[in-house]
Each structure stands twice: as structure tokens, then as C-alpha cells.
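Please consult the sequence and structure shown here alongside the text.

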Amino acid sequence: MAEERNGAALVGRQRERLLLEQALDSARLGSGGSVTVLRGEPGIGKTALLDWTAGRAGHSGFTVLRAAGHASEAGVAFGVLNQVLLPLRSLPGPPAGQHSDPEQHTRPGPHPLPGAQQDALDRVLGLRAGLPPDGFMVGAAALALLADRARRGPVLVLVDDLHWVDPSSAAVLAFVRQRICGLRAALVCTSRPDPAAPEGWSGQPVDIGALSGEDSRLLLRRWHPGLAGSTAERVAAEAEGNPLALAELPGQLADEQITGVVPLPDRLPLGQRLETHFARRLADLPPQAAELLLRAALDGPGAARAVTPLPRAGAEEPAVAHTLDRERTEVLLDRIEASGLARLDEAGRLVFRHPLVGSAVIGAATQDQRRGAHRALASRMHGADPRRLLHEAAAAEGYDESLAVRLQEAGEHLALRGGDAEAARLLDRAAGLSADPGNRVRRLTWAAVMSARGGRLAYAARLVETLRRQEVPQDVAPLFAYAVVYVDQSHHIDFASTFSLLPGALDALTRADGREHGPGGARAGRVHALHDLVEQMVFKLLLATVYTGDPRGTATLGRYRHHLSPAAALCLRAWADPPRTAHGAHADLLTHVERASTRREAGNAWLLLWAATAVDGAGPELWRLFSGEHAYATRGSVAKSRCYQAFLEGRWDMAGECLAEADTAEDRGYHCNALLFRHYHAHFLAGRGDERGLHEVRERIGARAASARMRFVTDHLDRLDALAAMAHGRYAEAYAGLCRASAGGDGVGTGELPLSAALFRPVGGPSWFHLTFFDLVLAGVRSGHREQVRTLVAAGRAARMDEISGHHHFLLAAATALSAAVDEGGADGGTDGGTGRGSADAAYAAAYAVPDAGRWVFDLARLRLAHGSWLRSRGRPEEASGPLRAALRAFEDLDAAPWADQCRAELRTTQVPPARTANPAPDTGHSPLTVQELRIARLVATGLTNREVGAELRLSHRTVSAHLYRIFPKLGITSRAALARALPDG
């Protein structure tokens, strides 16, 4: 694609225009918001597509918000966000007295937001003094502001050069991107393919390729009508469809070459070589004009607001040319326009022809020239302008402690505003200006921590490697230990430093009663006020201990449990030794979440998130605590929680998200997260019996996990192999594999192990014992290991599993039902051929009656399959069909084909002969119920819901409810759980 010189039309790009038209139509018609990322090489025409989209949207009544990233402003936190949101503050708001949200406060201005959101947005954009409130909700505030405008009409947000957007703005835009589908809005961005995608923007962009030969020739005819045919063909071929090359290269040809009289040179500059082409034009300009361009290039798109207004028609003198007289400035600007390197827009401001021009201008300047330009720019800026400090830092030579202190203070304020990534850059630069080696290391250490927290893990890893070669002062030794551990765990997937460094670091911090460590004493304490270092170290230690099972971690954690907040203590209880310490953990978790939600504060929600993972208790209320957080370290943790909970709760359509998140984590340098996302994806594969896919995952992550001693992953992979074997009916194989995995290698091959001792052992037992527990019971029942199953279930009851969480409660009740069925015979426990009712029926009913049993879709379906199989083996085929059909529907919904096949095989053996389905006379001598009531009661006793019973008998759920209303008094009971014992035999 390329644009005509007047911007009126495009050539080609039909596919891209159709996609953009569809995005605009969806927003205009209110059918849903959308995000489009246009990716392509420099000069390929991405900006022209944005111009075209802006024009179409403007004619259709859109509010058009536009911003652009720039390399020189990548360190200005929330700079691009300011460009996007600032115009909204000048647009008219709703009529007086009318607000879309009754909770909005009455702050003056056209766009009232809920108080906390308005305050956070004003503070983070520098419109109000002070720090943002706890719980940082800039993303939510930005989304609310856009939603407010979208309720009045469609909104288009255009962001050019996403790869140069400052990380804080990119993170907020990514937050908006993930939630835009409910708005009348379209977000269109451009990016280059060479750098890594900004945080939160991995996915499938729209790649903007080269123009076709036909379109290239058409464009040349429009832009350069005087080109000879042979010359046009050669330029089109050499340009390879790059519109910028098509526009610029003919201008470098001599008249004789344009007309075809003189042959063209052997090679024409292409792609990145266009920078050289621009540099040649720059050399033809007077030095003062080149200086003017250099200052504009270094000042970035902020220059579009204050750089070079043309000194004519009453406009003020150019900021970057204040040393020149007005007449001379006019001449220089005319020369610049004539060169084609830059032009003056309607406001009289200097705009580069293409970003590559700015790159060429900077590249052509000497280091001294660049420093001088930075000094000149800094001198013209207000002291509060964050760009001034960046220019001063770029202009500095040698050591400058005074400037280093100012950079450090600015970095601290940025970190408190949520700009950890930008703060890290400032601290890194401050370190470079530090003459004292100790101060240099202190600042680098903080830069490493801020970079890791800000989601730039690869950068943090580079800083840590630099620090490893330095002598670290004692006052920042704990902080350095934390930085090393953070990088080793998350980037290198190595937990050795956790156990070698953190115990000493924790000892130093707790002996000092938590006093501040780092450069600037109290200032550094303020930087870390939102993230208590002791608790973060304990969290990292707990993480490593859970992942590896290393007893050194358990011992160290025990020594520091009294230094923890309630949230951290809960996290430790939930993971450390669940059979002995996690009782009531889920209930306490809910209390913490409710308290945090009521106060609208995230606080230590990341600790609650990890505690929830231990007890399978994560959910929307907890995830909402993170709605305003958008740093990758936090979002990655929330994504892991969502993926795992989706598996447990049967939302298996999210399986693909695990792989997408793994790719994002890999891009960001969070290699441990990437491994864990693939590990969670393996759960879905195993549940569906996809042994080939499971093998591929093991091949990809197994060796890496084993080398890191991550038994959290390796043990789970062994369990998942067994789960896949069960899907295909190989229960004996699954049982033997689970025995080996539970025993940690002892007694391999026997298949007869002290399972209760292995799973519930006080030292080295897996925190996820409840998952293996149920799988072992199910596999043991189906493979004839009665005594082992009884012992294991008794150990589960003795450990009071049901007091840990809802999932633990259900799994223990389900295992108890399976064991009771073995005791009564049938379903691979040996059949006595009897049809009497006993404890097994009651145990199954009790399992189905566990609160929220239906939440655990896959486990419930497996229980129903086992129940139906047992009923069939006991000669009760009519009752068996209910749980079997319910299980079949669940497995089909989960796309778990092998499990569904097991259900179908059981159902084929339970087909009731026609004579028994023809409404026989009621057996009034044995039951007070009618035939229909008896059928309903027996199905309800198997754990089916009213809707499921109705689907089985082709009745409405209301009819089923009405029957139960009559059944309960007839049987003298008051609950569904009592049905099994109350029903007559037969």
C-alpha cells in the first residue's frame, strides 16, 4: 500500500482495508470492539493505513484518538497514554446531571469517573500531585474513560510505532485490548517485526507485505509520471514493493536516468539502506539546518507539541532554533522542506517524512553533536518535564553524582506510579554516572529488581550478570539476593540460588527488623513500600520449595513464619503440609478475598492467588482484585491460575490459551512461566486421552523440568500419563504408574505400596496429594486393589481432607463412594449378583450432595461413570443409565472422546428390554411411590440434577421438582442425600 501525496487514496491493500472496514463497522453498529495490529517493515505503508482508517472513521462520526511511540520517549512513563487520553478531557461530556454510572462522583470536568479511578488516572498522568492509591487501577480507569466516550458514539484509537511505546503505556493499552470487545471501539496499532512484541501484545498481527508488481507500477505512475518505462520497471523491481522506496528512490536519479537515456546504477538502496539515502540528503544541508533536524529527532513526537512552530503568521519562534534569528530560521526551514526530509504541518510544526529520517539524522551525528543537542533541549524544558532529565542524562559525560541522585529520585517516583520498567532505565543510567563503586552497585541492584517487577526479565538478567562480577555492599546484599533469585527462577528455571541465598538474606532483614536497604535509605524504602521484601522472599522460597520439594526450603520457611502477614501465613499454610496445616484454608481465603474486595484494595492479592492454587479455590472474585494491574509478572500469575482452574471446572475450550500464554511468556523472557503453561496444557491433553500430544509436551518440557528438579512438573506429568491411560481403560497400568510416582521411586515395579504413607507423609509429601489420591482410588477400584483402596480412603478421612477445601471435600466423598462400592461388590470389586441397597448408595448420594459438586465437571463425570458401571454390575441397569448418560454428556462437552467411549460401552450393556419400559403396574406392596416417582427418585439418588433427570425422562425440570415435592413426604425424608437409603430394594 501507499498513499497519494495528498492522502486521498490508497493503492492496493484490499485485504487490509476490508479488515479495517469490518472493525469500524463493528464499532459503529455496536456489535463489538476489536483490535488490529498492522505489522511490517519500515516504509511498508503502515502509517498510511492508519491515515486512511482515520479518514474513514472521521466521516462516520467516530471520536478519533491518535498517538505514536518514539524511541527517544520510550523512557517517559505513560507518555503515549497521555497522547491517547488527553483529547478526551476537552471533549464535551454528558448533559448536566446525567451520568452513565450512578456511583460516579461530582468532580469538576467533562468526564467524571468513580473517585478512585479518577484519582489514579490524574495522579499517574501528572495532573494531580501525590502517589496513586493502593491497588493501582490505571488500566481500569483508562478503560472506563474510553467506555464513557464509546457510550456516546464509536471510538477509534490509533497507535503508531507500538514497538517504541513506553512500557507503562503499552501495558495499559494491552489491558484495554483484552477488554475492548464490549465497547463500541476499535484499536488499530502498527509495529515493526524485528523487536519483540510489547508486553501483552503477542498474538496474530496483520502482516503488511510488499505491494504487488502491478500496484507498485501504478504507484510509480502516480508519484513519478515522468519515469521512463524501463526505469519504472527497474525501480519497481528493486524496491520490492516497499512504498517508501518507490516514493524516494526516483528522486535520487539524474534526469537522464529518469528519462531512460542513461542506464541506472547496478544497485539501488533498499530497506534499511534508506537511512543512508536520507543521510546523503542531510549532508547537503547547512550545519545549522542539520542541528535543527537533530534536535527535532532527539526530542521525539513530543516535538510535535512544542518543537518547531514556524516563525510566521504570528507563531512563536521555534523552540529548537531559539539561538537563530527569525530570518535565518525561515531560510533553514525552507531548505529542510525542500530537501524532502521533513515538512511543516498545518500548525507550523516540523514533521519527519518517515521515522527512518530521524534515525538517519541521529546516526549521522557525532557523539559530541548528540550531547550538545540534548543539552540544548534540556535547557529549554521546564524543570518538571520528565524529558528534561532524560536529555540531561544523555548529555552527561563521565561521572556526575548530583545528576545520578536526581535520576535515582525520579526513578523512585516512577516506580511508585507503576512505571517500574522506566524506573529501571533511570537507575541503570544513574549507576553509570556514579563515581563511587558502592553507589553504582546499589543503583544497579535496584534497577535489576525494578526491571524484573516491570516485566523486562531479559534486561534484569543482564543487570544481574553485571552485578555478579561486582562486590555487593552489605546493605543491599539481601536485595541483590532477591534479584538473583528472581532472575534464576523466572528466566533461567534454576532454583539452586533460592536455597543458597535467601536464608541468609531473610536472616539479615529480620535481624534488622525490616529496616530499609538500598540507595538513599528512606527513599529506597519508599520505592519498596508496596512490595515488602521479606514477604516477597518468603514467597520465592515457598515457590521453589513447592516446585522442587527441597527440605531446605521447608526448614527455612518454618523459621520465619512469625514474620509474615496474615495473607502470607495463609499462603504458607495452604502449601507447606496440607494434610496437617491447610484445614480451613479455603474458608480463610474467601474471607481475605471478601475483605480485599470490600476495601477495593489489591494489597497482597498475589499471595492469595498462590494460596488459592493450593486449594483449587481461585475464582472471579479473586481475579477481580487484579483488574487494574497490568505488569506481566502479575498478569502471568493470574493467567496460570485461570488455566488451571479452567481444567478443574471443565472449561476445556481454554486449552488453547495455555499455549498462547506460553508463547507470550517466552517472548517476555519468563521461561519458567512458559514451561508451566505447557504443563497446564498437558492436563487438558491427558484428560482427553491424547497420549501423543502428552508425549510431545513431555519431550518439550520434561528434561528442562527434571534438570531444575521441578517435581511439581515431573510428578504431574507422571500422573497425567496415568490419567491418559485411564481414559483408554488401562486402569492397572495407571495404578502401577501412580504407585511409583507416589512412592518417589521406592518399591518400583511392585504395584503394592504403602500408599497412605506415601501420599500423606509429613516430610516430602506432595502438596497436590488430593489429585493423586482420587486417581489412585479410581484406578485401584477398577483394577481390583481393594485393600489398598480401603487403606488409602481411611488415611484421607484421618487427614480430614474434607476440611481443606470444596474440591478436597468432593474428592474424599467420591473416593469414599468408590471404596464403599468395592466393599459391596461389583464394578471390578467382585460381584455378588445382589441387588440390595446399602452403604454404597448412600455414599454415592453423599458425594453428589457435596456443596458445589457440579463445579468439578471432569471429576464428577468420572464418578458418575464409575457409579453407573457399578449399578450395571449389580443388576440395576435402569438406574445405571442415568449417571452414565450424564457422564456421557459431560465427556462429550469436554471433547474427551475415550471417556465418552467408555460411557457408550457401559450403556450398551444397560439397555432395558422393551417389556420393562412399557409402564408396568405400580408395585404398591413394596413402595408408596408411583412408577414415575420411583424412576425420578432413583435417578435423583444417583446425583443427577433436576434438569438432567428431566433430559433423561423427557420431562421439564419443573415437573421433576413437583414430583420430588410429593416424593419426600411419602418417604419421610427432607433432602436429596437421604433418597438412596429411603428407596426400596430392586
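The largest nonpolar core has 225 residues, and those with the most contacts inside it are Met710, Phe891 and Trp899. A nonpolar core is a set of buried Ala, Val, Leu, Ile, Met, Phe, Trp, Tyr and Cys residues joined through side-chain atoms within 4.5 Å. Buried means under 20% relative accessible area, exposed over 50%, and partly exposed in between (1.4 Å probe, protein chains only). Apart from this core lies another, of 23 residues, among them Ala296, Leu350, Phe352 and Leu377.

The model is predicted: local features need pLDDT of at least 70 and side-chain atom pairs count only at pLDDT 80 or more, while totals for chains, interfaces and linings use all residues. Residues are numbered from 1 along each chain as its sequence is written, and side-chain values use heavy atoms, with hydrogens and water left out.

Leaving aside residues up to four places away in sequence, Trp899 touches Gly687, Leu723, Met726, Ala727, Tyr731, Phe858, Arg862, Leu865 and Phe891. Contact means heavy atoms within 4.5 Å. Of the 986 residues in the protein, 57% are buried.

The secondary structure comprises 49 helices and 9 strands. Helices (H or I, at least four residues) and strands (E, at least two) are DSSP runs, numbered from the N terminus. Strand S3 (residues 34–39) runs parallel to strand S6 (residues 185–191), joined by 6 bridges; Thr36 has Val188 as its bridge partner in S6. S3 is also parallel to strand S7 (residues 206–207), through 2 bridges, and there Arg39 is partnered with Asp207. Two strands pair if DSSP finds at least two bridges between them.

The structure holds 46 salt bridges, each a side-chain nitrogen of Lys or Arg within 4 Å of a carboxyl oxygen of Asp or Glu. Three of them are tabulated below.

| Glu649 | Arg651 | 2.6 Å |

Glu948 lies in helix H47 (residues 946–953) and Arg864 in helix H43 (residues 857–873), so the pair ties together parts that are 84 residues apart in sequence. Arg864 is buried, at 5% relative accessibility. Glu649 is buried at 16%, whereas Arg651 is partly exposed at 28%. Both Glu879 and Arg876 are buried. Salt bridges with shared partners also join Arg719, Asp775, Asp859 and Arg862 into one network.
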